[in-house]
Amino acid sequence: MNITPIFKRDLPQIHKTIALTSICCKLFEAGIKDQLMSFLFDNCLISRSQHGFLANRFTYTNLIETATDWLENLDSHSNTIVVYLDFEKAFDKISIPKPMHKLSYLGIRGSLLSCLK
């Protein structure tokens, strides 16, 4: 059996457009992200074991960690319950007021919330 991976760059029809923003905008966005992530970690609203949206934590690291846990449970004859959710395009379909209300509810206020709005 031959298995040949097909990378996204080889399939132009699935590429999304890339927004070209200035360096100033990118720096501003990075600052907002840093502030938001600090708030989320400081207030225990996000786990350090989160794989999406964190530096050096990717889907494949999640799969490796999960497979390791399953194998350990299999070796020790432990029961394992697995629930996976697919949030594909979830953020493309959400209305903007809802996450802004949620962020406000979680305690994000002032200029950070204004910038996010």
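Modeller: Happy to; what follows is a set of questions and answers on a predicted model.

Biologist: Let's begin with the overall layout. In what order do the elements of the protein run from the N terminus on?

Modeller: The protein has four helices and zero strands. From the N terminus on, the elements run α-α-α-α.

Biologist: Thanks. What share of the residues in the protein is buried?

Modeller: A residue counts as buried when its relative accessible area is under 20%. The protein has 117 residues, and the buried share of these is 12%.

Biologist: And what part of the accessible surface belongs to carbon and sulfur atoms?

Modeller: Here the total comes before the fraction. The accessible surface of the protein is about 10600 Å². The part that belongs to carbon and sulfur atoms is 60%.

Biologist: What about S104: which residues is S104 in contact with, leaving aside neighbours within four places in sequence?

Modeller: S104 has its place in helix α3. With a relative accessible area of 25%, this serine falls between the cut-offs of 20% and 50%, so S104 is partly exposed. Leaving aside neighbours within four places in sequence, the contacts of S104 are R109 and L113.

Biologist: Let's move to α2. How far apart are the C-alpha atoms of E65 and S49?

Modeller: E65 lies in helix α2 and is partly exposed at a relative accessible area of 35%. Leaving aside neighbours within four places in sequence, E65 is in contact with H51 and R57. E65 and S49 are 16 residues apart along the chain, and their C-alpha atoms are separated by 10.0 Å.

Biologist: Which residues make the nonpolar surface patch of about 410 Å²?

Modeller: To belong to a patch, a residue needs over 30% relative accessible area. W70, in helix α2 (residues 59–75), passes that cut-off because its relative accessibility is 40%. The patch of about 410 Å² is made by L63, W70, V82 and Y84.

Biologist: How far is I81 from W70 in space, C-alpha to C-alpha?

Modeller: I81 lies in the loop between α2 and α3. Its relative accessible area is 81%, which means I81 is exposed. I81 and W70 are 11 residues apart in sequence, and their C-alpha distance is 9.6 Å.

Biologist: I'd also like to look at the backbone. What is phi of H77 near?

Modeller: Most residues other than glycine have a negative phi. H77, placed in the loop between α2 and α3, has a positive value instead. H77 is also exposed, because its relative accessibility is 73%. Its phi is near 60 degrees.

Biologist: And what is phi of C44 near?

Modeller: C44 lies in the loop between α1 and α2. C44 counts as exposed because its relative accessibility is 69%. Phi of this residue is positive, although C44 is not a glycine, and the value is near 55 degrees.

Biologist: Last one, on cysteines. How many disulfides does a search of the whole structure find?

Modeller: A disulfide needs two cysteine sulfur atoms within 2.5 Å. The search of the whole structure finds none. For C25, the nearest cysteine sulfur is that of C24, 6.9 Å away, so C25 is in no disulfide. The number of disulfides found is zero.

Definitions and conventions:
Residues are numbered from 1 along each chain as its sequence is written. This is a predicted model: local features need pLDDT of at least 70, side-chain atom pairs count only at pLDDT 80 or more; totals for chains, interfaces and linings use all residues. Side-chain values use heavy atoms; hydrogens and water are left out. Buried means under 20% relative accessible area, exposed over 50%, partly exposed in between (1.4 Å probe, protein chains only). Patches are made of residues with over 30% relative accessible area and no salt bridge: like charges are joined within 9 Å, nonpolar side chains (Val, Leu, Ile, Met, Phe, Trp, Tyr) within 5 Å. Accessible areas come from the Shrake-Rupley method with a 1.4 Å probe; for residues, only the protein chains shown count as cover. A salt bridge is a side-chain nitrogen of Lys or Arg within 4 Å of a carboxyl oxygen of Asp or Glu. Helices (H or I, at least four residues) and strands (E, at least two) are DSSP runs, numbered from the N terminus. Contact means heavy atoms within 4.5 Å.
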